[in-house]
Amino acid sequence: MKIAVLPGDGIGPEIVAEAVKVLGVLGLDFDMQTAPVGGAAYEAAGHPLPESTLKLAMESDAVLFGAVGDWKYDTLDRPLRPEQAILGLRKHMGLFANFRPAICYKELTHASSLKPELVAGLDILIIRELTGDIYFGQPRGRRVATDGHFPGAEEAFDTMRYSKPEIERIAHVAFQAAQKRSKRVTSVDKANVLETFQFWKDVVTEVGKQYPDVQLDHMYVDNAAMQLVKEPKRFDVVVTGNMFGDILSDEASMLTGSIGMLPSASLNAKGQGLYEPSHGSAPDIAGKGIANPLATILSAAMMLRFSLNQEAAAQRIETAVQQVLAQGLRTPDIYSEGTTKVSTREMGDAVVQALA
Ligand code: IPM
Ligand code: MG
């Protein structure tokens, strides 16, 4: 079981260290190799995704990823910015299926910005297509406009596009995920305006016919954004394109009150995966020992389940995390009165303890 460990920037190294510690006590035989990525790799090797890091990732069964990005790199040319590392890994490894659960832990119901009764028991799975859409569509660039409202003016453009097989494969992923849950899929689109998303809706509908046991409905993205804060529990599996999924998954994660708790998985057709917390690199709190390592530890559990075929070990980690929450241990992001504030490392140690 070969794992590429890519800690990255900001709080990345601190939280990944805790996940590695947890993996280390499972009694399983991992070959873990660490490599720089993001801003850290730019500093060390002049590129956010060095050839050697990409090679290691491609040759591994799974990638355990921290986070990338820091404001100090905002002025670099786009190809050198830390975000290019994660986009490059998605593209080169073909990680088209992104799983982003938004779960409201019962201990953290009151940390949500929504009323407790709206989020108690919330368990949504957002499935975001991750290698297509306007993120990767060509052509893109800057040029002088020859038409439009201001011919002769400078303009920039990106291309939103999806091919039929791209939509079909992510739709299958969503329907199959729903079969293991409450058998409901909401496909989010903008079919009322965009050709790309009318096509999306048509193709998802067609694929849905192969899953008569799953109930499919369609929702425009603006309405979905509204429903997520109005009545989030109406959703179960949500499937959508790359850009809408980017936006809706941040919205959904925040209303659980526990963004520091949410893992994610990005899979390719071979079952290789990249596992990372849903939150970012949080450079403002980096190095202070206060970041929440649980999202990364839970990402390691997803890695065991989806890429390494170790379901039992995945469940052991998830149970251990439930236990430390039940013990009242909290990093500052999820702290509330009456609970015990702990550091990043203490939280990792507590999970290790619970596993023993
Ligand atoms: C995410 C992030 C990335 C994205 C950035 C860092 C490129 O926001 O994983 O959601 O937009 O996909
Ligand atoms: Mg995002």
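1. Asn 309 sits in the loop between helix 10 (294-306) and helix 11 (311-326); helices (H or I, at least four residues) and strands (E, at least two) are DSSP runs, numbered from the N terminus. Its phi is near 55°, a positive value in a residue other than glycine. Asn 309 is exposed, with a relative accessible area of 69%; exposed means over 50% relative accessible area, buried under 20%, and partly exposed in between (1.4 Å probe, protein chains only).

2. This is a predicted model, in which local features need pLDDT of at least 70, side-chain atom pairs count only at pLDDT 80 or more, and totals for chains, interfaces and linings use all residues. Residues are numbered from 1 along each chain as its sequence is written, chains are lettered from A and ligands numbered from 1 in the order in which they are written, and side-chain values use heavy atoms, with hydrogens and water left out.

3. The loop between strand 5 and strand 6 holds Asp 133, whose phi is near 70°, again positive in a residue other than glycine. Asp 133 counts as buried, at 1% relative accessibility.

4. Pro 139 lies in the loop between strand 5 (123-129) and strand 6 (141-144). The peptide bond that joins Gln 138 to Pro 139 is cis, with omega about 0°. Most residues other than glycine have a negative phi, and most peptide bonds are trans.

5. In helix 9, the buried residues are Asn 242, Phe 244, Gly 245, Leu 248, Ser 249, Ala 252 and Ser 253. They lie on the same side of helix 9 because they cover an arc of only 145° around the axis, the arc being that of the directions from the helix axis to the C-beta atoms.
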